[in-house]
Amino acid sequence: MKYSAILFLSLILFVTSCKKDKAPTPSTTPVTTPTSMTPFEASLVGHWKLKRSETRTNQYFPGLGDSTFVYKNHYNYLNSQLYLSATLVSGTTQYEGIMGTDDVSLAQTISWCGDVSNTITMGNNLSICSVHYLSTDSLVLDFAGGQARYFYNKTTTPLALNNIESQLLGSKWTLTSFNGAPASYYDYKTFFNNWYTDEGYYSKDSTFAGGVASASPSSWEVLFPNRTSPILKAGSVMGNDGWFKITSLTPTSMTLEDFNVLVNTTTINTYVYTR
């Protein structure tokens with residue numbers, strides 16, 4: 001997570017370098033596009049809601065076959081938003097805007113302008129991001145050469161759980177087998193669909209320590225849901241946070257295999273849950 005901390009510190013410095021005032025409510029009054037605004041800049045104007053963010057690193061994770069290691073869904077569109085207006089900042093060639101990159105911190109006022117090669121300059125420190133994708137309703141921005149990627153839409157409809165996540169919801173999953181033998185301890189997981197932390201949805205998990213089982217909150221989400229073996233990023237199975245291949249899933253049975261994302265996909269332990 002060293003890379004994530006450095007990257008998000010950079011983003012915090014970018015946002016806080018802008019005005020510290022509470023973000024104003026975007027005007028609903030139609031604005032007139034200045035004659036100096038380029039067609040590219042005009043296509044960016046609007047009130048965008050941040051739906052998802054991803055953090056990448058230069059390090060490749062053999063166990064995931066990917067370099068993306070942090071995924072976040074966003075639901076607070078007061079804070080997680082990007083508002084790019086067509087109103088020029090007085091005395092400058094940049095336009096007024098608002099930007100927030102998390103659900104907790106208030107969005108801040110920024111200035112912005114479009115550049116050549118599908119790039120945008122934002123803020124007093126001239127941070128530059130590139131437009132990875134743009135349509136009338138969708139916008140994907142890359143910062144720091146793609147180490148941070150932000151997915152925006154103009155609609156307020158929240159992201160839905162993916163097809164694998166939906167199947168995990170419902171009644172409690174109870175561990176019945178560990179490495180091919182009947183489970184010798186009581187372990188369970190219950191998945192919910194409310195976003196819990198920056199790391200995923202809420203789950204209620206058991207932990208097992210000193211011969212005593214207890215319940216504790218944790219987080220979870222399913223990455224790469226369309227793979228043959230989707231990846232469950234979850235809290236405590238035997239009290240440990242980790243990454244698990246979902247190698248089998250039916251309405252009443254689930255098989256998880258934990259592995260070391262930094263090394264390879266080789267299974268370390270196999271857990272069979274039923275409900």
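This is a predicted model: local features need pLDDT of at least 70, side-chain atom pairs count only at pLDDT 80 or more; totals for chains, interfaces and linings use all residues.
From charges over rings, we can move on to rings beside rings. A pair of aromatic rings is described by the distance of the centres and the angle of the planes. Searching the whole structure turns up 7 aromatic pairs. One of them joins Y95 and W112 in a tilted arrangement, with 5.3 Å centre to centre and 40° between the planes. This pair links distant parts of the chain, since Y95 belongs to strand β4 (residues 95-99) and W112 to strand β5 (residues 108-114), 17 residues apart. Both Y95 and W112 are buried.

Now have a look at Y201 and W220, which also form a tilted pair: their centres are 5.5 Å apart and their planes make an angle of 45°. Here, too, distant parts of the chain are linked, with Y201 in strand β13 and W220 in strand β14 (residues 212-223), 19 residues apart. Elsewhere, F178, F244 and Y271 make up one aromatic cluster.

The side chain of D205 meets that of K189 in a salt bridge, at 2.9 Å from N to O. How accessible are the two partners? D205 is buried, with a relative accessible area of 0%, and K189 is buried too, again at 0%.

How many salt bridges are there in total? The count comes to 4. Another of them brings together D142 and R149, with 2.6 Å from N to O. D142 has 8% relative accessibility and so counts as buried, while R149 is buried with a relative accessible area of 15%. A further salt bridge connects the side chains of E54 and R52, at 3.5 Å from N to O. That distance qualifies because the rule asks for a nitrogen within 4 Å of a carboxyl oxygen. E54 itself is buried, with a relative accessible area of 10%.

How values were computed: Residues are numbered from 1 along each chain as its sequence is written. Side-chain values use heavy atoms; hydrogens and water are left out. Buried means under 20% relative accessible area, exposed over 50%, partly exposed in between (1.4 Å probe, protein chains only). Rings of Phe, Tyr and Trp (its six-membered ring) pair if their centres lie within 6.5 Å; planes under 30 degrees apart count as stacked, over 60 as edge-to-face and the rest as tilted. Helices (H or I, at least four residues) and strands (E, at least two) are DSSP runs, numbered from the N terminus.
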